[in-house]
Amino acid sequence: MPDEQIPATPLTVLLVCTGNICRSAMGEGLGRSYLRGLLGDAASDVRLVSAGTRAVTGSPMHPRSALVISGFGGDPEGFVARQLEPGMVAEADLVLTLTRDHRRTVLELAPRALARTFTLREAAALLGALEDRPPEGEGFTGRARGLVAALAAARPGRRGDEGDDIADPIGRSLEGHEEVGQAVADALLPVLAALISLHPEVDGAVEPGPVRIAAHVDRSGGHPAPDGAVDGDGSLPAALDHRSAGPGRARRAFGAFGRRRRPASS
């Protein structure tokens, strides 16, 4: 096992949209499956949660969004929408909002969170502006917080616009939810990949390939049937479990990864 000890307090990433039943809910479901697939048991070192500025509190994920997440290989089961509270922002190491309006709402609740609050697309874009050197900080959580600080430092050189917003799919068809789910995946996975590249369980940088929904999702309103859906015992299928990847099996439901978990020493 790696020599480095992970702090008891996990890194917290908070996703924020309006109702917390579509966009941020899809991000939470997709992101958690991604983290489990790459980190295994160590996925608990990253706490990925979501909330809504006007949440449909207590509701499950929207049925169409749930179909989309299942098609991506994520797990919508057990999700419950939550109302955004100031304490959630205060305890988050990184806040990712789905639109600029959501970001403004977050900062009205917690003005001191400016340096760790971004729209999701903004954070993904800022990754490309960072220097190719490890962020400062002690241990995984410290380095991850250093990465967030580096994103904030790079922000003054970037001008945001409506392209930073991911629209609400409420009222749209299943295809509309798929489009939004794809946008969430395209922005979220690079951010998570950059964070977990700093984890001692991962051997080097993580390069997520393109994510695409399963072509045979049942569009009739029934249950999706993606390849290797989440097993009944809650474990990931082999297709999403990167720990079991063998030669020639690098491409998964979440794309191609440049590195896998560091193998345990004998």
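Let's begin with two helices that sit side by side: the axes of α1 and α2 come within 10 Å and cross at roughly 20°. With an angle under 35 degrees counting as roughly parallel, α1 and α2 are therefore roughly parallel to each other. Please keep in mind that this is a predicted model.

**How α1 meets α2**

- The crossing in which α1 passes α2 is right-handed.
- On the α1 side, the residues in contact are M26, G29 and L30, and they meet S65, V68, I69 and F72 of α2.
- Sorted by type, the residues of this contact between α1 and α2 are five nonpolar and two polar, with no charged ones.

**A closer look at α1**

- Helix α1 covers residues 23-39, which makes 17 residues.
- Most of α1 is covered, with 15 of its 17 residues buried.
- After α1 comes G40, which has a positive phi near 65°.

- N20 lies in the loop that links β1 (11-17) to α1.
- Most residues other than glycine have a negative phi.
- N20 is a residue other than glycine with a positive phi, near 60°.
- Is N20 buried or exposed? N20 counts as buried, because its relative accessibility is 0%, and the cut-off for buried is under 20%.

**How α2 meets α7**

- Two packed helices are described by the angle between their axes and the distance between the axes.
- For helix α2 (residues 63-72) and helix α7 (residues 174-196), the angle is about 55° and the axes are 9 Å apart.
- That angle makes α2 oblique to α7.
- The crossing of α2 and α7 is right-handed.
- Which residues meet here? From α2 come R64, S65, L67, V68 and F72, while α7 brings L174, H177, E178, G181 and Q182.
- The contact of α2 with α7 is made up of four nonpolar, four polar and two charged residues.

**A closer look at α2**

- Helix α2 is largely enclosed by the rest of the structure, because eight of its ten residues are buried.
- Those buried residues are S65, A66, L67, V68, I69, S70, G71 and F72.
- What do the buried residues of α2 pack against? They pack against α1 and α7.
- Just past the end of α2, G73 has a positive phi of about 100°.

**The chain as a whole**

- The chain contains seven helices and six strands.
- Read from the N terminus, its elements follow the order β-α-β-α-α-β-α-β-α-α-α-β-β.
- The chain has 266 residues, and 52% of them count as buried.
- Among contacts in the chain with a separation of 6 or more, 75% are between residues 24 or more positions apart.

Notes:
Residues are numbered from 1 along each chain as its sequence is written. This is a predicted model: local features need pLDDT of at least 70, side-chain atom pairs count only at pLDDT 80 or more; totals for chains, interfaces and linings use all residues. Side-chain values use heavy atoms; hydrogens and water are left out. Helices (H or I, at least four residues) and strands (E, at least two) are DSSP runs, numbered from the N terminus. The expected span of a helix is 1.5 Å times one less than its number of residues. Buried means under 20% relative accessible area, exposed over 50%, partly exposed in between (1.4 Å probe, protein chains only). Axes are lines fitted to C-alpha atoms, for helices over the stretch in contact, and angles run from 0 to 180 degrees between N-to-C directions. Angles under 35 degrees count as roughly parallel, over 145 as roughly antiparallel, 65 to 115 as roughly perpendicular and the rest as oblique. A crossing is left-handed if the near helix is turned anticlockwise from the far one by less than a right angle, and right-handed if clockwise. Contact means heavy atoms within 4.5 Å. Ala, Val, Leu, Ile, Met, Phe, Trp, Tyr, Cys and Pro count as nonpolar, Asp, Glu, Lys and Arg as charged, and the others, Gly among them, as polar.
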